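User: Hi! I'm new to reading structures, could you walk me through this one?
Analyst: Happy to, here it is.
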Amino acid sequence: IEMERGKVDFVQFVLDFNEQEYKIGKVTYSIWVNVQCYMKKFKDFLQRTKHIHTSPENLLYCRDITVDLIRDYILWRKDLGNCNSTINHSLTPIFKALRKCCREGWVERETYDEITELYLPDKGNELGKDKKIEYLTIDQLKSLKEAAAKAKYNRTRDFVDMFMFSVFCGGMRVSDIISLKWEEIDMESRMVRHYQVKNHTRKAQLLTIPMADGAIEILERWKGRNENFVFGLLDDEFDLTDEEKFRSTKNSRIRTINQSLAALGEKIGLPFKLHIHCARHSFGTNGLNNGGDLKTISTLMGHSSVLVTEKVYATIL
């Protein structure tokens, strides 16, 4: 009876609804993790400004959601300095759950419609608008290799090897560089056959990527160094099915790599802060600038469609 009346903890309802979306494969693991972060922030808002959710007996129920409450939440996020895009992302799981509340009759349709009109204007996602792609030209890539050769620490040269391997191998994402295994490499056919781990989706995509000479040279240097994972950023026994641990480990490795790359980028006079994802953009941009076929480059980069490639590299095209 209470559920029919909408006396249901709204925060938990949003979490449960989005968890089911993840379990059936409608959203990826990384989105599900973000939802949990968003709702933790929403609960913080309720406690700090509305003095709700301070105890199990003091909850925000689904039936009590109002337009003013969501508007106040938006203003609170703005006061924290969040941009429109960030706020919109945090509203999405709430709005999706509200649609379910509306169907259950816990929230009036007029209320639901008015709340979902509160999305903020966000031009950041318009095709190519003010989108600046940070990449290295051919000459800058040569300068990076020369700077790495003179670097004090071997680990710096290792990180540049990983960067250049991405450039020479379809612009592989850093998550795929980290999780790349020797068993996925065929030196004879010069091919990589690797299951993509982007967003840790349950439906992993098999990437089949030809390796340029530069990639082969790098692998020759790394032969015998690690038994399982090529670049040794994960322990040989690391379990890739542990999504949360992989995400945490990956983020830690990326921070270390980017710190080293940023220092080299300064040495060669780059006008931006060098980071590992620049390798991916360097492959895509140089490929397109040198007459590469859009569909081929899109396939090599593992984009879900050519439209994604067009959106990312709109200014170049």
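Analyst: Let's begin with Ile209, which counts as buried because its relative accessibility is 2%. Buried means under 20% relative accessible area, exposed over 50%, and partly exposed in between, using a 1.4 Å probe and protein chains only. This is a predicted model, where local features need pLDDT of at least 70, side-chain atom pairs count only at pLDDT 80 or more, and totals for chains, interfaces and linings use all residues. Residues are numbered from 1 along each chain as its sequence is written, and side-chain values use heavy atoms, with hydrogens and water left out.

User: Thanks! What strand is Ile209 in?
Analyst: Ile209 sits in strand 3. Helices (H or I, at least four residues) and strands (E, at least two) are DSSP runs, numbered from the N terminus. Strand 3 has a covered face with Leu207 and Ile209, while Leu206, Thr208 and Pro210 make up the uncovered one.

User: Which order do the strands of the sheet come in?
Analyst: Three strands form an open sheet in the order 1-2-3, with antiparallel pairing. Strand 1 (185-186) and strand 3 (206-210) are at the edges with a single partner strand each, so one side of each has no neighbour in the sheet. Two strands pair if DSSP finds at least two bridges between them.

User: How many bridges join strand 2 to strand 3?
Analyst: Five bridges join them, and Arg193 stands opposite Thr208 there. Strand 1 is joined to strand 2 (residues 191-195) by two bridges, with Asp186 opposite Met191.

User: Is Cys62 buried or exposed?
Analyst: Cys62 is buried, at a relative accessible area of 0%. Cys37, with 45%, is partly exposed.

User: And what about the nonpolar core, how many residues does the largest one have?
Analyst: It has 54 residues, and those with the most contacts inside it are Leu136, Phe163, Phe165, Met211, Phe231 and Leu274. Helix 7 (154-168) and strand 3 are among the elements that each supply at least two residues of this core. The largest share, seven residues, comes from helix 7. A nonpolar core is a set of buried Ala, Val, Leu, Ile, Met, Phe, Trp, Tyr and Cys residues joined through side-chain atoms within 4.5 Å.

User: What volume does the largest cavity have?
Analyst: About 30 Å³. On a 1 Å grid over the protein atoms alone, a cavity is a set of points where a 1.4 Å probe fits but cannot get out, and lining residues have an atom within 4 Å of a point. Grid points are joined across faces, edges and corners, and a volume is the space filled by probe spheres set on the points.

User: Which residues line the largest cavity?
Analyst: The lining includes Leu207 and Ile209, along with Arg173, Asp176 and Arg280. By type, the lining residues divide into five nonpolar, three polar and three charged. Here Ala, Val, Leu, Ile, Met, Phe, Trp, Tyr, Cys and Pro count as nonpolar, Asp, Glu, Lys and Arg as charged, and the others, Gly among them, as polar.

Conventions:
On a 1 Å grid over the protein atoms alone, a cavity is a set of points where a 1.4 Å probe fits but cannot get out, and a pocket is an open set with protein on both sides within 12 Å along at least five of seven lines; lining residues have an atom within 4 Å of a point.
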